[in-house]
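User: I am new to this structure and would like to understand how its features were assigned. Could you take me through some of them?

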Amino acid sequence: MYLNCHTYYSLKYGTLSPQQLVDAAIGHGIETLVLTDINNTSCAYQFVRACNKAGIKPVLGIEFRRASRLTDDRDEVNVFSIKDSHFVYLGIAQNKEGWRELNAHLSHYSMCNEPIPEVAPDFENAYVIYRKLPKPIDQLRANEFIGVMPGEVNHLFSSYLRNFQDSLVVFSPVSFLDKEGFRVHKLLRCIDLNIVIGKLTPVHCAKASERMYGPEELKQIYSSYPTILENTERLLQSCCIEMHSTSLNNRQSFTGSKAGDMKLLYKLALNGCIRRYGGRNKKARERTEKELKIIDKLGFAAYFLITWDIVRYAQTVGYYHVGRGSGANSIVAFNLYITDVDPMDLDLYFERFINPHRSSPPDFDIDFSWDERDDVTDYIFKRYGKEHTALLATYNTFKGKSIIRELGKVFGLPKADIDLIVNEPLATEKHHSFAKYIFRFGKLIEGFPNYLSIHAGGILISEESLFYHTSIQMMPKGFPVTHFDMYGAEDLEFHKYDILSQRGLGHIKDAVKLVASNQGKAVDVRNVELIKQDLQVRKQLKSGQCIGCFYIESPAMRGLLTKLACDNYVQLVAASSIIRPGVAKSGMMREYISRFHDPDSFTYIHPIFEEHLGETYGVMVYQEDVMKIVHHFAGLELDESDVLRRIMTGKKKSSDTFTRLREKYFSNCKQRAYPDDLTQEVWRQIESFSGYSFCKAHSASFAVESFQSLYLKTYYPKEFMVAVINNFGGFYNTEIYVHEARMCGAKIEAPCINHSRYLTHIYGDEIYIGFVHVAQLERRLVQKILNERDDNGSFQGLNDFVSRLDVSKEQLEILIRVGAFRFTGLNKYALMWEKNAVHNPAIRRNRSAHLFGVEEEDFDLPIMEEDVYEQAFDEIELLGFPLCSPFDLVETEFRGDISSEDMVLNLGKRIRMVGYFVTRKNVTTSNRKLMNFGTWLDCKGKFFDSTHFPPSLARYPFKGKGCYVLTGKIVEDFGFPSIEVDKMEKLTYIKDVRY
């Protein structure tokens with residue numbers, strides 16, 4: 001009788017989790033339950049599993065709704081939003097084919113963003129329940145019914161429906177459990193509609209009666225019409241749905257058969273082994289064959305071949321890629337050129353990727369340049385079919401400050417009052433009187449799904465149609481997503497193909513192109529082995545001067561590289577994982593550095609640490625190290641060790657499992673007669689370390705890309721820095737990369753209408769800043785400038801420019817102020833005067849040239865001198881930074897007692913330094929106080945670092961961009977100097993004489 005139950009996946013409508021819905025049914029003794037979320041199928045398997053566990057018969061369906069108001073422009077309205085929608089009909093699956101039909105129906109209209117039709121199609125394996133008939137009742141098919149709500153039963157005696165009782169069923173929606181739930185529902189509806197609570201009307205929310213009645217209560221309500229009850233029971237009895245968690249959900253073969261897959265995989269892997277290692281490397285061949293046997297046993301051949309196929313496509317069209325993650329532990333992946341990390345060279349732990357005890361599927365992380373990833377994704381969809389391929393969803397949930405802001409708006413609080421509650425949640429005496437309700441109801445909706453989004457890169461490829469498991473929804477990027485997220489995919493044992501994007505590959509790709517165009521040289525960055533051995537590249541790495549280089553440019557990494565005197569690939573692999581928060585938090589990063597410098601200064605806490613972690617001086621650096629120690633030190637099985645690792649890296653789906661494994665760890669250690677303090681210390685290291693660690697293969701993949709970046713930075717620094725500027729998204733802002741290009745010998749030029757492009761470009765040693773960096777400059781105008789320049793040549797001056805292009809006064813002034821007409825030799829005052837004389841935006845430009853030209857009038861201009869720093873101030877406003885040295889703009893000529901290169905000569909001394917602020921890192925101390933690590937440029941353009949302990953920071957806080965005098969003591973940590981600041985003062989810029 002419960003044909004219309006909602007969970008909170010009826011977004012901003014339902015109030016119950018799937019488990020809460022099932023628990024409520026258990027409490028009422030309900031035997032059959034139908035899940036029908038609104039235009040959503042996210043928790044179907046979760047619901048089925050919970051029902052089966054509780055002994056309740058699950059039935060699946062969908063409540064189809066459509067937007068009540070539609071515009072002609074479908075892009076402006078999501079026709080599947082619950083926000084302003086009305087009930088169309090209910091679809092209830094009789095079996096798995098019915099579930100496929102319902103999902104296909106919802107997906108079809110979602111994909112084309114068309115409203116659900118008022119009349120249901122001819123479902124062969126699904127029931128349809130209407131509330132408002134869109135057609136004459138005598139035209140209802142055998143599988144179509146009309147739902148009668150409990151509150152409508154008493155009106156049946158006077159309704160024409162009384163004569164059609166064979167077509168009537170019980171319709172008792174469940175959206176909440178009690179009055180409190182009804183209040184939560186109304187608040188969610190207000191959030192969805194973006195209205196205050198007083199403006200919510202009954203048409204936009206559920207009736208107060210949409211609670212879960214007891215079975216006997218419902219039977220009593222409908223007792224006058226036993227036919228309705230019989231119809232409902234008969235409908236429910238005819239339904240049977242099964243959903244299975246099995247690896248068979250994945251595409252089962254690449255070639256058409258599993259035997260064919262293994263033949264192809266053997267051929268590719270063994271041929272690749274010869275190409276990678278030569279024909280005589282017995283160990284490589286043995287490991288390849290060992291891995292192939294495990295892959296065959298676990299049935300992962302298709303997974304490897306599909307990944308190979310994706311990479312092969314990318315290679316054929318010339319895309320760079322990086323194969324990383326645990327997949328890089330595999331020599332088969334290396335032989336197939338999925339990854340460029342040699343697992344033999346680094347002694348990578350294949351069991352971290354796949355082991356015979358592991359039931360969960362493996363996953364590859366394949367990175368592409370940010371501007372090429374979508375094309376690869378498009379290939380996957382076209383190659384493997386639209387019904388079998390989808391991106392994974394992720395759910396943004398209600399949490400923290402966002403709840404306060406949303407509910408604050410619903411209660412009608414002014415923004416100032418909402419801000420006060422957000423910023424000072426404990427200052428209850430200052431809060432609005434409604435704050436207590438915000439906190440009360442905020443706690444109730446915390447964790448509710450808010451809206452569906454796209455997973456970073458997870459793609460599913462299924463054997464059967466995905467519609468047997470989920471509906472799909474078209475997203476703005478042009479690719480559909482499943483309704484369930486990565487955890488739902490794991491529950492169903494789907495393999496996930498992570499097709500990711502990153503800016504670092506864009507740096508490399510674009511730098512290679514720029515070197516070819518600027519120097520006429522073809523650069524090969526794929527010969528990683530040669531690059532890793534290049535002495536100049538290793539010298540660059542050891543210097544720590546790696547600005548722009550993937551993953552190793554941050555101040556923290558620069559410091560770590562210096563402290564480790566890192567000059568080779570293996571050390572960089574370790575450094576890439578050591579820098580992660582987990583190692584630092586456990587105190588082992590500093591311990592690793594200390595042991596690196598003095599290997600004889602420590603004793604391993606246990607012989608097993610020396611045996612298995614000797615390469616890293618007994619410090620757990622990689623995720624595999626957690627597995628090794630838990631397995632060899634505490635005696636957990638290899639699969640248990642992997643499960644524990646997965647839980648502790650943030651995938652804690654079952655606290656019961658974690659508790660059981662933790663207890664087994666301590667129990668086993670006790671059986672092995674370890675001292676309690678040793679057991680506790682090892683667990684402390686495991687627990688604090690593993691949450692933020694990398695697997696070794698992941699670090700190795702990052703290190704490969706870092707070396708490729710370093711190679712370009714070392715030999716082609718100017719082109720490389722232009723590529724970094726043009727890909728955005730690095731650790732620093734554009735200003736720092738422009739500065740670094742200047743330090744590499746480039747001459748930096750402001751935007752110019754005759755030389756600049758949309759992006760920054762290099763000509764020889766001259767770098768012209770791209771128009772993209774000019775604030776408020778319209779992209780449409782930029783494209784007109786570039787097209788006109790390509791078609792008819794360079795502009796001769798301002799008059800020529802305005803005669804050839806339609807440009808507004810405001811846009812023309814921006815170009816003049818940024819210096820784009822400086823090639824004329826006129827200063828900006830003269831150009832502004834000329835603009836007033838020659839520019840008339842009311843006249844549309846005639847693009848045809850005059851046969852004999854046009855005689856220009858001469859104007860006598862008043863002499864107006866431009867101040868030497870006016871251009872710098874205009875650049876600050878329009879570009880966000882000056883192209884001159886910022887030190888030229890400070891009033892004082894004092895540049896500090898020393899520069900950064902002299903810091904090591906002044907250790908322990910109290911010194912004044914002048915620095916231009918680059919960035920800072922916020923750190924919370926053990927007693928919950930804020931401290932900072934700062935990064936600066938000195939007047940010679942070199943970086944240096946500062947430490948600001950809580951007392952100093954509280955007294956002398958940062959005050960934004962600019963130059964500062966830092967006073968403090970010069971200290972050193974493993975050869976890396978910094979200044980411990982006890983006083984800081986921001987320097988005043990000279991005045992802009994125009995104001």
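User: Which residues lie nearest the centre of the second largest pocket, and how many line it?

Analyst: This is a predicted model, in which local features need pLDDT of at least 70 and side-chain atom pairs count only at pLDDT 80 or more, while totals for chains, interfaces and linings use all residues. Residues are numbered from 1 along each chain as its sequence is written, and side-chain values use heavy atoms, with hydrogens and water left out. The second largest pocket is lined by 46 residues, with A556, I579, M589, K921 and F933 nearest its centre.

User: What makes a space a pocket, and what is the volume of this second largest one?

Analyst: On a 1 Å grid over the protein atoms alone, a pocket is an open set of points where a 1.4 Å probe fits, with protein on both sides within 12 Å along at least five of seven lines, and lining residues have an atom within 4 Å of a point. The second largest pocket has a volume of about 1500 Å³, a volume being the space filled by probe spheres set on the points, which are joined across faces, edges and corners.

User: Which helix gives the largest share of its lining?

Analyst: Helix α19 (residues 555–563) does, with six residues; helices here are DSSP runs of H or I with at least four residues, and strands are runs of E with at least two, numbered from the N terminus.

User: Why are β3 and β4 called paired?

Analyst: Two strands pair if DSSP finds at least two bridges between them, and β3 (residues 85–93) and β4 (residues 126–130) have four, in the antiparallel sense, so they count as paired. In β4, V128 is the bridge partner of G91.
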